[in-house]
Amino acid sequence: MAETMFVVERGDVLGEAYRRRITEVYVRSFAEDFVAFSRDTDKLADAFEHMLLLDRFYVVLVDGKPAGLASFTEGDQMLFAPRRREIRRHLGLARGLLGYGVIRSWFMGASDGARPGLAEIGFVATEPAYQGRGVATALLRHLLAHPGYREYVLEDIKDNNAPALGLYTKLGFTVYKRRRVRFARRAGFTELVSMRLVQDAEPTG
């Protein structure tokens with residue numbers, strides 16, 4: 001069986017022609033977090049397509065098709081630029097306002113301890129058809145080879161996401177924070193886990 005070839009590109013390098021497909025990977029992968037807004041992933045993609053800042057996302061391509069993605073930021077860099085009117089147009093007044101508010105409050109603020117030089121990786125996702133084929137591993141190895149960074153964090157991973165936690169541990173990340181979330185048990189998990197990796201400095205000379 002031939003080895004799968006992965007190509008990793010930043011979203012803005014792929015350009016606007018890929019925006020919809022990148023958004024679809026995002027909403028399908030995190031659909032359970034958006035059920036209060038809609039269970040229709042096409043409708044969610046319609047609502048969220050405009051807001052992704054493509055230069056903050058890296059995408060794994062397999063045969064030219066997005067197979068996975070992750071965000072990569074530092075300091076106070078944002079991932080999204082949501083427009084309330086656009087979200088309401090697709091989700092309706094009540095759910096649109098709810099969706100806009102949740103995105104603003106949950107996904108728009110800098111994480112605790114965020115600072116220049118500390119890279120935060122988030123929204124690591126793999127399309128179902130490509131799961132188990134090394135997509136996330138290839139993407140994370142690419143991000144961990146980013147020039148100019150030694151410290152990386154992964155924030156707020158659900159503690160029932162064993163495959164993700166196992167992968168991050170394999171790559172050298174260790175848990176540095178756990179926090180309980182209201183209504184977490186209702187959503188099927190107990191707490192959110194944050195992990196950190198500090199790589200050895202490059203030898204000089």
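Is aspartate 156 buried, partly exposed or exposed, and what is its relative accessible area? In this predicted model, aspartate 156 comes out as partly exposed, with a relative accessible area of 33%. That value sits in the middle class because partly exposed covers the range between under 20% (buried) and over 50% (exposed).

For background, most residues other than glycine have a negative phi. Aspartate 156 lies in strand 5.

Aspartate 63 also has a positive phi of about 55 degrees, again without being a glycine. You'll find aspartate 63 in the loop that links strand 2 (57–62) and strand 3 (65–74). Aspartate 63 is exposed, at 74% relative accessible area.

Here are the pair in a table:

| Residue | Phi | Location | Relative accessible area |
|---|---|---|---|
| Aspartate 63 | about 55 degrees | loop between strand 2 and strand 3 | 74% |

Helix 7 itself spans residues 162–170, and Ala164, Leu165, Leu167 and Tyr168 are buried in it. Looking down the axis of helix 7, those buried residues fall within an arc of 160 degrees, so they line one face of the helix. As a rule, an α-helix has 3.6 residues a turn, so residues three or four places apart point the same way.

After helix 7 comes glycine 172, with a positive phi near 110 degrees.

**Helix 3 against helix 4**

Elsewhere, two helices pack on each other. Helix 3 (residues 41–48) and helix 4 (residues 84–91) meet at an angle of about 160 degrees, and their axes are 8 Å apart. That makes helix 3 roughly antiparallel to helix 4, because angles over 145 degrees count that way. Helix 3 passes helix 4 in a right-handed crossing.

Which residues make the contact between helix 3 and helix 4? From helix 3 come Lys43, Leu44, Asp46 and Ala47, and they meet Glu86, Ile87, His90 and Leu91 of helix 4. By type, the residues of this contact split into four nonpolar, one polar and three charged.

Terms used
Residues numbered from 1 in each chain as written. Predicted model: local features only at pLDDT ≥ 70, side-chain atom pairs only at ≥ 80, totals over all residues. Heavy atoms only, no water. Axes fitted to C-alpha atoms, helices over the stretch in contact; angles between N-to-C directions. Helix = DSSP H or I, 4+ residues; strand = E, 2+ residues; numbered from the N terminus. Parallel < 35°, antiparallel > 145°, perpendicular 65-115°, else oblique. Left-handed = near helix turned anticlockwise from the far one by under 90°. Contact = heavy atoms within 4.5 Å. Nonpolar A, V, L, I, M, F, W, Y, C, P; charged D, E, K, R; others polar. Buried < 20%, exposed > 50% of the residue type's maximum accessible area, 1.4 Å probe, protein only. Arc of directions from axis to C-beta.
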